[in-house]
Amino acid sequence: MTKLSVICGKASEDLGKKLARKVKANLVRADVRIFPDGESKITLDGEISKKKSIVIQSTYPPVDTNLIQILSMISKAKETSSEVVTVIPYMGYARQDREFLPGEIVTMKVLAKLFKGAGASEIIAVDIHSLIGLKYFTIKSKNISAIPDLVKFFKKLSLKNPLIVSPDQGGKGRAKEFAKKMGIEYIALEKNRDRKTGKVKIKTKKVDVVGRDLILVDDMISTGGSIINATKFLKKEKCNKIFVACTHALLMNNAEKKIKKSGVTKIVSTNTIPGKTSIVDVSDTIAKAIV
Ligand code: R5P
């Protein structure tokens, strides 16, 4: 009889397989068909443990499709397993964690109810945009950091007098932790985002980065706006190479090309979102958080 199963959604197939191997679980695959009207038809293939299941799927675009799929998988797992640990490596909607403008819906509050209602016993996220999002969950919830995995990668590069840079004040803590683990210094730029148009601007006056290699650290890249603005500013200040380290690379609307064009040498992200830049594996870190 299966003691532990990993039910792996299509959006996190590779990461799910790696996780199943690491926690020595039976892998349950999801066969997904998308009907012409956009509905998902999911069939699970494999034995589900009566004791404990781990359901894993990131909710990157198509966000709502991936979301309904993971909710459905949790619900199916709960029919058999008494415990359903839910891993959402990239948590979509995490930036919608407070009412910035009057009338805005805090979608993270809605998600907290949906995941509990579907049957999740515990939620694990990797570098969720802000911990505020997890406060709405009334079941056990945990955020794990991919910084040690990213740092391991960057420690292998030979960089010129490197400096960690956060593109905004909100990411200062992340930059500080990254810098501490690298054993180097950090700075945090000041960024302004227009809440209506989404446009970002750097407010910082001057920084001393002349001739230094920089690692821009962020939790996620969506349109690339934050990274491109920071890169343009830092290039004007005559830095040497700019690398980007982020956990979740969504890279919407040709963002990778635009970021490279602005002067970034390399984008390094993790496999919470599969793609060309996701060269850092976080399956080990997730496995350690589960067992
Ligand atoms: C913002 O607070 C986040 O940490 C990211 O900097 C931001 O969400 C990235 O979005 P974009 O790539 O569209 O600027």
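Helices (H or I, at least four residues) and strands (E, at least two) are DSSP runs, numbered from the N terminus. The model on screen is predicted: local features need pLDDT of at least 70, side-chain atom pairs count only at pLDDT 80 or more, and totals for chains, interfaces and linings use all residues. Residues are numbered from 1 along each chain as its sequence is written, and side-chain values use heavy atoms, with hydrogens and water left out.

**Stop 1**

Select Pro 61, in the loop between strand S4 (52-56) and H2. Pro 61 is partly exposed, with a relative accessible area of 32%; buried means under 20%, exposed over 50%, and partly exposed in between (1.4 Å probe, protein chains only). Leaving aside residues up to four places away in sequence, Pro 61 touches Asn 66, Leu 250 and Met 252, where contact means heavy atoms within 4.5 Å. Then show the backbone between Pro 61 and Pro 62, which are joined by a cis peptide bond with omega about 0°. Pro 62 is also placed in the loop between S4 and H2.

**Stop 2: the largest nonpolar core**

A nonpolar core is a set of buried Ala, Val, Leu, Ile, Met, Phe, Trp, Tyr and Cys residues joined through side-chain atoms within 4.5 Å. Select Ile 7, Val 55, Ile 74, Met 91, Phe 115, Ile 123 and Phe 137, the residues with the most contacts inside the largest such core, which has 29 residues. Strand S2 (26-34), helix H2 (63-80), strand S5 (83-88), helix H3 (107-118) and strand S6 (122-126) each supply at least two of its residues. H2 gives the most, with 6 residues.

Now center on Ile 7. Beyond residues up to four places away in sequence, Ile 7 touches Val 28, Leu 44, Ile 48, Ser 53, Ile 54, Val 55, Ile 56, Met 73 and Ala 77. Apart from this core lies another, of 24 residues, among them Val 209, Ala 230, Leu 251 and Val 264.

**Stop 3: two positive phi values**

Go to Tyr 93, in the loop between S5 and H3. Its phi is near 75°, a positive value in a residue other than glycine. Tyr 93 is partly exposed, at a relative accessible area of 24%. Move on to Asp 127, in the loop between S6 and helix H4 (132-135). Asp 127 is not a glycine either, yet has a positive phi of about 40°. At 9% relative accessibility, Asp 127 counts as buried.

**Stop 4: helix H9**

Select residues 283-290, helix H9, where Ser 283, Ile 286, Ala 287, Ala 289 and Ile 290 are buried. Looking down the axis of H9, the buried residues fall within an arc of 160°, so they line one face of the helix; the arc is that of the directions from the helix axis to the C-beta atoms. They pack against helix H1 (13-22), S4, S5, S6 and strand S7 (140-144).

**Stop 5: helix H6**

Next select helix H6, residues 172-182, in which Arg 174, Ala 175, Phe 178, Ala 179 and Met 182 are buried. Down the axis of H6 these residues fall within an arc of 130°, so they too line one face. Their packing partners are helix H5 (147-155), strand S8 (163-166), strand S9 (186-188), strand S12 (214-221) and strand S13 (242-249). After H6 comes Gly 183, with a positive phi near 75°.

**Stop 6**

In S12, 8 of the 8 residues are buried, so the strand is largely enclosed by the rest of the structure. S12 pairs with S8 in the parallel sense over 3 bridges; two strands pair if DSSP finds at least two bridges between them. Ile 164 stands opposite Ile 215 in S12. S12 and S13 run parallel, joined by 7 bridges.

Select Asp 218, found in strand S12 and buried at a relative accessible area of 6%. Its bridge partner in S13 is Cys 246. Excluding residues up to four places away in sequence, Asp 218 touches Pro 167, Arg 174, Ser 226, Ile 227, Ala 245, Cys 246 and Thr 247.

**Stop 7: the cysteines**

Finish at Cys 246, which counts as buried at 0% relative accessibility. Cys 239 is buried as well, at 12%. The sulfur of Cys 239 is 18 Å from the closest cysteine sulfur, in Cys 246, too far for a bond. With a disulfide taken as a pair of cysteine sulfur atoms within 2.5 Å, the count comes to 0.
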